[in-house]
Structure formats: structure tokens, C-alpha cells
Amino acid sequence: MAACTNRKNEFIDNTFDMLGRTLGASSLAFYSVDGDYNLYDFRCSGVPREFFRLYLCEMHKLDPLHVRRVASRPDRVVRMQDAPTYMEQGEIDEYKRFLRRYDFIENIDILFRSEGEIKAGLSVIWREKDRRPIETLHQLANDLQPFIEYALWTHVDMPKGDPMIKATKTFHLTPRESEVVKLLCFGRTNADIATCLGIGVSTVKTHLIRIFDKTGVETRAGVVARFSAFS
């Protein structure tokens with residue numbers, strides 16, 4: 001299992017390096033996609049921690065390039081310029097304001113499919129300091145996509161769905177407890193979890209006590225270890 005994870009991470013890091021050099025973007029994020037179009041198993045480079053936290057908690061709902069919005073499109077690469085064809089401009093503008101708070105000026109998502117279904121994706125994000133993204137770079141990303149996709153499924157085991165689902169069923173967690181565990185595994189503090197879920201810190205602590213009891217551990221690290229075994 002560890003060898004497979006290391007091989008996957010090495011492949012992703014090499015892909016980050018190649019795309020960073022060819023497209024001139026300094027921020028990249030790889031993610032897997034489950035059968036309900038939820039994103040999980042992120043690996044990021046050059047993405048601010050606070051940006052990532054807010055994206056997971058709230059802003060993914062407004063992301064014009066989220067797989068839920070683009071799954072029916074045949075594109076290999078989706079870009080912000082095309083969003084007005086399927087999304088309200090007001091929501092697009094709000095998401096762009098969120099990007100600009102972190103000096104992000106443009107982004108595209110490269111999508112990877114298997115048997116017609118999106119199984120993974122890679123966000124390429126340009127910052128103010130980066131080379132300005134132009135049409136030829138979008139075409140270059142589109143040309144590179146088939147080669148990356150082939151290498152991905154050749155060298156990396158195809159995702160079979162979010163391991164969190166199996167773990168949740170195994171430990172008989174409630175949907176809310178599952179949300180707490182997912183954020184915990186991303187390294188979030190009790191305060192972060194409370195903010196993301198719109199609940200009090202004391203409620204988070206209550207959920208954790210129940211999660212400890214159901215999983216048979218006594219610490220947060222123990223919970224992470226339990227759930228890591230399913231990935």
C-alpha cells in the first residue's frame with residue numbers, strides 16, 4: 001500500500017514540475033473524484049493553506065470548474081472563460097474575487113476520465129507573479145492531457161471511490177461524524193472544523209468523543225491512522 005502511494009505521489013510531483021515549467025503556473029492541485037463527484041485525496045503545490053481550507057469549507061460550491069458543473073461536458077480541459085455558458089455571472093464573479101484575494105488571476109482544470117467518467121483532475125492556477133496565461137497555453141494543456149491521462153492510469157491504480165465511504169460504514173459513523181473525520185484527516189483544528197460545519201467547538205468535541213469510541217482509539221492521531229488504513 002505504501003509503495004503504491006509513494007508511486008502515485010512521485011508521479012503527481014513529476015507532473016506538477018512538468019506543467020509548472022511548460023505552462024508557467026506556480027500553483028497546482030491534483031484530486032481524485034468519487035462516483036458522486038466529490039473531490040478527495042488532494043495533493044497540492046504552491047496552494048496557500050488558508051485558501052485550501054476555505055475552498056474545502058465553502059468556496060467549492062461556487063467553483064465554476066468543479067466536476068459537478070462540468071461532468072456533462074466533453075472537454076479535456078475546462079477554463080473560466082467558458083463558465084458563463086452554464087453558470088450565473090454573479091456566482092462566477094464571487095468566485096473570481098475569492099481567487100484574487102490570494103493573487104490568483106486565472107485557472108484551468110485538466111480532467112482525467114476512465115470509461116467515460118471523470119476519475120481525477122488537476123487544477124492549474126496562475127498567480128500575479130507568473131507568466132500571463134494565453135490561448136496557446138490552454139491549447140498546450142489540451143494537447144498534453146491525453147499523455148498525462150495515459151501515464152496516470154498506467155502507473156497509478158485507478159481510484160475505486162472515496163475510501164472514507166467504506167470506513168464510515170465500517171465504524172457506523174453518522175454523516176456529521178464522517179464530515180468531522182474528513183476535516184480531521186486534512187489536519188484541521190477543532191476551531192477549523194467548527195467554522196467549516198457551522199457548529200460550536202464544544203459540539204465538535206462531542207463528535208470526537210463518539211468517534212473515538214466507535215473507532216476504538218483515544219487520540220486524533222489514532223483516528224487518522226484508522227482511516228488511513230482504508231486508503
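A: Let us start with helix α1, where Arg21 and Asp17 both lie, four residues apart, or about one turn of the helix. Please keep in mind that this is a predicted model.

Q: What do Arg21 and Asp17 form with each other?
A: They form a salt bridge, and the closest N and O atoms are 3.2 Å apart.

Q: Is Arg21 buried or exposed?
A: Arg21 counts as exposed, because its relative accessibility is 55% and the cut-off for exposed is over 50%.

Q: Which residue pairs with Asp13 in a salt bridge?
A: That is Arg43, whose side chain meets the one of Asp13 at 2.9 Å, N to O. This pair links distant parts of the chain, since Arg43 belongs to strand β2 and Asp13 to helix α1 (residues 2-23), 30 residues apart.

Q: How accessible are Arg43 and Asp13?
A: Arg43 has a relative accessible area of 29% and is partly exposed. Asp13 is likewise partly exposed, at 34%.

Q: How many salt bridges does the count come to?
A: The count comes to nine. Among them is the one between Asp75 and Arg73, with the closest N and O atoms 3.2 Å apart. Asp75 is partly exposed, with a relative accessible area of 22%, and Arg73 is partly exposed at 23%.

Q: Which residues are linked in a network?
A: Arg79, Asp82 and Glu135 are linked in a network of salt bridges. As a general point, side chains of opposite charge can pair when their charged atoms come close.

Q: Changing topic: in what order do the strands of the sheet come?
A: Five strands form an open sheet, ordered β2-β1-β5-β4-β3, with antiparallel pairing. The strands at the edges are β2 (39-45) and β3 (77-79), each of which pairs on one side only. Neighbouring strands are turned against each other by 20° on average, direction ignored.

Q: How many bridges join β1 to β2?
A: Five bridges join them, and the two strands run antiparallel; β1 covers residues 27-33. Within this pairing, Val33 stands opposite Leu39 in β2.

Q: And what about β3 and β4, over how many bridges do they pair?
A: They pair over three bridges, in the antiparallel sense. Val77 has Ile110 in β4 as its bridge partner.

Q: How many bridges join β4 to β5?
A: There are 10 bridges between β4 and strand β5 (residues 117-127), which run antiparallel. Phe104, for instance, stands opposite Arg127 in β5. The hairpin of β4 and β5 has two residues between the strands, and Glu115 takes a positive phi near 55° there.

Q: Why is β4 described as largely enclosed?
A: Of the 11 residues of β4, 10 are buried, so the rest of the structure largely encloses this strand.

Q: Back to helices: how many residues does α4 have?
A: Helix α4 has 12 residues, 89-100. From its first C-alpha to its last it reaches 16 Å, close to the 16 Å expected at 1.5 Å a residue.

Q: Which residues of α4 are buried?
A: Ile92, Tyr95, Phe98 and Leu99 are the buried ones. They cover an arc of only 115° around the axis, so they lie on the same side of α4.

Q: What covers those buried residues?
A: The cover includes α2 (49-57) and β4 (104-114).

Note on methods: Residues are numbered from 1 along each chain as its sequence is written. This is a predicted model: local features need pLDDT of at least 70, side-chain atom pairs count only at pLDDT 80 or more; totals for chains, interfaces and linings use all residues. Side-chain values use heavy atoms; hydrogens and water are left out. The expected span of a helix is 1.5 Å times one less than its number of residues. Buried means under 20% relative accessible area, exposed over 50%, partly exposed in between (1.4 Å probe, protein chains only). The arc is that of the directions from the helix axis to the C-beta atoms. Contact means heavy atoms within 4.5 Å. Two strands pair if DSSP finds at least two bridges between them. Axes are lines fitted to C-alpha atoms, for helices over the stretch in contact, and angles run from 0 to 180 degrees between N-to-C directions. A salt bridge is a side-chain nitrogen of Lys or Arg within 4 Å of a carboxyl oxygen of Asp or Glu.
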